[in-house]
Structure formats: structure tokens, C-alpha cells
Amino acid sequence: QTKVSSPIALFHGFARQWRQSSSQDASYPDLIEANRDYAQSMAQAFGSLSGKEQNRENSAAARKRNKQEQKSRLQNVLDQAKSVTEGCPENLGSTYSRLEGERGSGDGGLFSKYRLFNDIPAKSSDKTSVGDANDFGGVSFGLASKLLDLMSIAHELAAAHVLPNQEAEYILYGFGSCEANYTAAYAEMFSLRLAIRTTEQLMNPENEILQIGSPALVLLAALARGAADALEDMKKLLDGKDVPFMSKLGNAVRLNYRDYLRLFLLLHSSDRNMLSRTQALIELNTGKNLELYATYMQAKATTSVKLWFLPELFRLLDVLGMQSCRVRNDRCEIARTAVFAY
């Protein structure tokens, strides 16, 4: 700013001389000298700053190219992740129609039946999918944050019968086909692995990407490398192998595909529709209409004995909460409740 202000000041001095002069008494040599002074000062300032500006433009262009390169690398991995699929059994269309209903038929299927039975309002499902490099990082780290908040052991579902090896995925996501539920499970699994692998890249102080300079570019480069590692993790998980949860933990915590489904059941435990989908699967597997079967029973029994001795003492103990019977009309009443639920 100092170098630019000097020629500007000289120019204003020249302009002031020009306004104060007239064609009759103008001192043209002075005007020419003032014009030469600010022109030389401007040339010096430009020469001094143009090199720095060129370096700034070159640096900005290099960052832009690097950003595009990292984004292309990330998008390439995301495209590969979309193609990682697992074969679904054939001839399941009619089975899923029983669960979700025929499209356009007005029949909501078993799930809709139990959703209404449980008085749960309808809502559209949020499908987890592998998106593009512009917004996938935020989705991934949001999932990791939820996991850290809810980390604990989830219960394993019973083995599948009518829907082999896909009941857990259906309960989690509730789509009307094997392929859609698998895709949602793979996308969510890849999202979590991407968040973990990206964090590992950022936590390594010797990683050269930390020297890039631009924070946004550092994160993008970490995402690109983390995505490549996450893709390799996914291939191992879908091949039935387990992988370390985080590299810093070594082999202390290793999870396989089923383990991740358990974690996702925990993450989605607030989804009330999971209960209705579970009930729909139970009827699908057993043929039992759960609306006609009890899942909870309670029985209460009361007995009493006459207090032949010291009724006032027992009444005092009752007031103090120091005995299990309740004194009424010189009788000791004992009530018990039994509950059975599954």
C-alpha cells in the first residue's frame, strides 16, 4: 500500500497544478516534470509489485489445479465405491412386495400394517448413498460423530429365513429390494470408514499433505487418500474379512461386516419404523399375525392375614416403610405383581 500511495500522491499533485494553471500562464515545463515524476514512480511501483502479483497468481492457479486433482482422485474412488456390489438372491420380488406392498396398488404391505398398528406416522426414508466429492466429507464425518456418541454393544438379529442374509439391512433401511438395502448399507459403511481413514491422514504429523498450506486443500487431499484406504477396507469387509477400526488401535479392535451392521442398528435405534419392519419380518417368517398375539402379560395377586398380635406396631412399620405388608383393618395385605414380556 505504501508503494502504491506514492505515485498516487504525485499524480494528485500534477492534477492540482493542471487545474490551477491556464493556457496563458501555464508552466508547461513544470507540468511535464510533474507528469514525468508520477509516471516514473508508478513504473517503479508496478515493477516492484508485478513480480509478487505474478507469484500470487501462479500460487493460486497451482492451488486450483491441486484442488481439482484431489477432487478428481476423490471422485474416482467414490465412483469405484458405487460399483462395489454384492449379489442378491433371485426371485425375491414377491417377498418384498409382501413387506412393502405393490407399488400403485394401495396395499402398503406388512410394514404399513404394523406401522399403523404402532401408531407411527409415515415418513420418507433417508437413503444413504455414495454422492460426489463436493459434499461427501460432511456426510461422512457426521456419521462418525454419531457413532462416537452412541458407541456400545448392539444385539445381533436372528438368522434370516425368507430373506437370506439381508434381514438386518431391511430393518435398517426399509427399501423394497435387496439391491437397494445393500446399497444403503454399503454406502453408510463406506462413509464411516472414510471418516476414520481421513482422520488418520490428518493425525499423522509426518504426512506431506499437511504442508500444502490451504486448510481446505489439506482436508480435500486427506479425503482423497482416506477414500482410497476406505475402498480397500470395504473390499475386505465384503469378502468376509475384518479390518482394524483405527490403525492406531492396531488389532485391539477389529470389526467385520456383521459388526458394522450391529453398530448401525445402534446408530438408527431412534428410528421407530425399525420396530414395524421387525414385526413385518416376524410375520413373514412365521405366518403369525402379531396383532392377535400377546407380547406382554401382567398378573397381580393380593393376600392378607389377620394381625393377632401387635397390630399397632405393624401399622407403624408400614408407615415407616419397613415391612412388605400393608396394614388394613387389623389385617396385613401383601400384593405381588408378575410380568412376562418378550
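**Surface and ring pairs**

Guide: This is a predicted model. The protein chain has an accessible surface of about 21200 Å², and carbon and sulfur atoms account for 54% of that.

Visitor: What share of the residues is buried?

Guide: 35% of the 342 residues in the protein chain count as buried.

Visitor: And the secondary structure, how many helices and strands?

Guide: The protein chain has eleven helices and five strands.

Visitor: What about contacts between residues at least 6 apart in sequence, how many join residues at least 24 apart?

Guide: In the protein chain, 71% of those contacts do.

Visitor: Switching to rings. How many aromatic pairs are there?

Guide: The count is seven aromatic pairs. One of them is phenylalanine 14 with tyrosine 38, which is tilted, at 5.6 Å centre to centre and 40° between the planes.

Visitor: Where do those two sit in the chain?

Guide: Phenylalanine 14 is in helix α1 (residues 2-20) and tyrosine 38 is in helix α2 (residues 28-82), 24 residues apart.

Visitor: Buried or exposed, phenylalanine 14 and tyrosine 38?

Guide: Both phenylalanine 14 and tyrosine 38 are buried. Ring pairs also join Phe14 and Tyr38 with Phe11 in a cluster.

Visitor: Now tyrosine 186 and tyrosine 257. Why is that pair edge-to-face?

Guide: Because the planes of tyrosine 186 and tyrosine 257 stand at 70°, with the ring centres 6.2 Å apart; planes over 60 degrees apart count as edge-to-face.

Visitor: Which parts does that pair tie together?

Guide: Tyrosine 186 lies in helix α7 (residues 178-203) and tyrosine 257 in helix α9 (residues 257-267), so the pair ties together parts 71 residues apart in sequence. Tyrosine 186 and tyrosine 257 are both buried.

Key:
Residues are numbered from 1 along each chain as its sequence is written. This is a predicted model: local features need pLDDT of at least 70, side-chain atom pairs count only at pLDDT 80 or more; totals for chains, interfaces and linings use all residues. Side-chain values use heavy atoms; hydrogens and water are left out. Helices (H or I, at least four residues) and strands (E, at least two) are DSSP runs, numbered from the N terminus. Buried means under 20% relative accessible area, exposed over 50%, partly exposed in between (1.4 Å probe, protein chains only). Contact means heavy atoms within 4.5 Å. Accessible areas come from the Shrake-Rupley method with a 1.4 Å probe; for residues, only the protein chains shown count as cover. Rings of Phe, Tyr and Trp (its six-membered ring) pair if their centres lie within 6.5 Å; planes under 30 degrees apart count as stacked, over 60 as edge-to-face and the rest as tilted.
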